[in-house]
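Trainee: I have a protein model open on my screen, and I would like to learn how to read it. Could you go through some features with me?

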Amino acid sequence: MKRKVKFDYARWVFVLPALIIVGLLLVYPIFSSLYYSLTTKHLIKATYDFVGGANYKAVLSDPNFYKAFLTSILWTAASLAGQLFIGFTSALAINRVKIGKGIYRTLMIIPWAFPSIVIALSWKWILNGVSGFLPNFLVQVGICSELPQFLSDSNLVFLTLIFINVWFGVPMIMVNVLSALQTIPQDQYEAAQIDGASKLQQFRLITVPHIKIVVGLLVVLRTIWIFNNFDLIYLLTGGGPANATTTVPIYAYNMGWGTKLLGKSSAVTMLLLSFLLLVCVVYFTIIGKWEKEDK
């Protein structure tokens, strides 16, 4: 006698709205970009033709693409390293604070509480090469003989953007690492102290194993967000001066909205997606090994 399988419709009713939203916001844009990347799609012209991999060939033969890609790599590596170092050390310091921990934590998270446009316009006002507070202050105290052009000098602008991005991203690292630190059983540290373990040994053998998965996931998220960052750079410099801060997202935007070549712009975004997926595979492979070691 065959057994009747009861299908649970109720759970699909609850899940369906979320699946529809994911489909509209994620799946459709990816496949539409993939399709347009194989065509001569133009933002103004109504008709377009299928050209296969011609757009990818054109993008990969453009020296400006490689320059933008290298800039994105440097931008991501430097910003991520700064955010991890300062956020991690801040979390370790605040975790040892006995009085007023909540106040310090609130003050540290302030940069993350503001939208990118507010942060960009505020720093643009502070760093303005004519009336900005910081350039004028540096001249008044004698550090600089003339007003430094933080956002228009090709020698300063990239480091300036990295500084702003580190300042902006540190709170997220700090809060998440601090939360992970507070889950570590204190009796393990007490037992280590009784056994004569040094502070460095306690950090290496107790602290790191407990928080490395959290830190690894933060690295994955911040790598994706920083590499894809568009608004902060565009609002501060627009990719200039002389393309000194043009990253891959800025390059794709300029091609799509500047030259109106949506087909080539879509090819750039698909190459960007492929690269980030490859990076994520590497990251999650490492994190998977960590999880196996902890079992």
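Trainee: Which residues form a nonpolar patch on the surface?

Mentor: Let me say at the start that this is a predicted model. The patch is made up of Trp 12, Phe 14, Val 15, Leu 16, Leu 19, Ile 20, Ile 21, Leu 24 and Leu 25. Together they have about 970 Å² of accessible area. Take Phe 14 as one of them: Phe 14 sits in helix H1, which covers residues 9-36.

Trainee: Is Phe 14 buried or exposed?

Mentor: Exposed means over 50% relative accessible area. Phe 14 has 69% relative accessibility, so Phe 14 counts as exposed.

Trainee: Next, the rings. How many aromatic pairs does the structure hold?

Mentor: There are 17 aromatic pairs in the structure. In one of them, the ring centres of Tyr 35 and Tyr 48 are 6.3 Å apart and the planes meet at 75°. Planes over 60 degrees apart count as edge-to-face, so the pair of Tyr 35 and Tyr 48 is edge-to-face.

Trainee: Which parts does that pair tie together?

Mentor: Tyr 35 belongs to helix H1, while Tyr 48 is in the loop between H1 and helix H2 (54-60), so the pair ties together parts that are 13 residues apart in sequence. Tyr 35 is partly exposed, with a relative accessible area of 44%. Tyr 48 also counts as partly exposed, at 29% relative accessibility.

Another aromatic pair is formed by Trp 123 and Trp 167, again edge-to-face, with 5.5 Å from centre to centre and 80° between the planes. This pair links distant parts of the chain: Trp 123 is in helix H6 (residues 116-126) and Trp 167 is in helix H8 (residues 157-181), 44 residues apart. Trp 123 counts as buried at 13% relative accessibility, whereas Trp 167 counts as partly exposed at 33%.

Trainee: Which residues form one aromatic cluster?

Mentor: Phe 65, Tyr 66, Phe 69, Phe 227, Tyr 251 and Phe 275 form one aromatic cluster.

Trainee: Back to H6. Why do its buried residues line one face of the helix?

Mentor: Start with the general idea. An α-helix has 3.6 residues a turn, so residues three or four places apart point the same way. Now the case here: the buried residues of H6 are Ser 116, Ile 119, Ala 120 and Trp 123. When you look down the axis of H6, these buried residues fall within an arc of 95°, so they line one face of the helix. Their cover includes helix H5 (110-113), H8 and helix H11 (231-236).

Trainee: How do I read the surroundings of a single buried residue? What does Gln 202 touch?

Mentor: First find its place: Gln 202 is in helix H10 (residues 199-227). Buried means under 20% relative accessible area, and Gln 202 has 6% relative accessibility, so Gln 202 counts as buried. Leaving aside residues up to four places away in sequence, Gln 202 touches Tyr 189, Ala 192, Gln 193, Ala 197 and Thr 207.

Ile 94 is in helix H3 (residues 63-95) and counts as buried at 6% relative accessibility. Not counting residues up to four places away in sequence, Ile 94 touches Lys 101, Tyr 104, Met 108, Met 174 and Leu 178.

Trainee: Last topic, the backbone. Where is a cis peptide bond?

Mentor: A cis peptide bond joins Gly 240 and Pro 241, with omega of about -5°. Pro 241 lies in the loop between H11 and helix H12 (248-258). Asn 243 is in the loop between H11 and H12 as well, and its phi is near 65°, a positive value in a residue other than glycine. Lys 260, in the loop between H12 and helix H13 (262-294), also has phi near 65°.

Notes:
Residues numbered from 1 in each chain as written. Predicted model: local features only at pLDDT ≥ 70, side-chain atom pairs only at ≥ 80, totals over all residues. Heavy atoms only, no water. Patch = residues over 30% accessible without salt bridge, like charges linked within 9 Å, V, L, I, M, F, W, Y side chains within 5 Å. Areas by Shrake-Rupley, 256 points an atom, 1.4 Å probe, with all protein chains shown as cover. Salt bridge = Lys/Arg side-chain N within 4 Å of Asp/Glu carboxyl O. Helix = DSSP H or I, 4+ residues; strand = E, 2+ residues; numbered from the N terminus. Buried < 20%, exposed > 50% of the residue type's maximum accessible area, 1.4 Å probe, protein only. Phe/Tyr/Trp six-rings, centres within 6.5 Å; stacked < 30°, edge-to-face > 60°. Arc of directions from axis to C-beta. Contact = heavy atoms within 4.5 Å.
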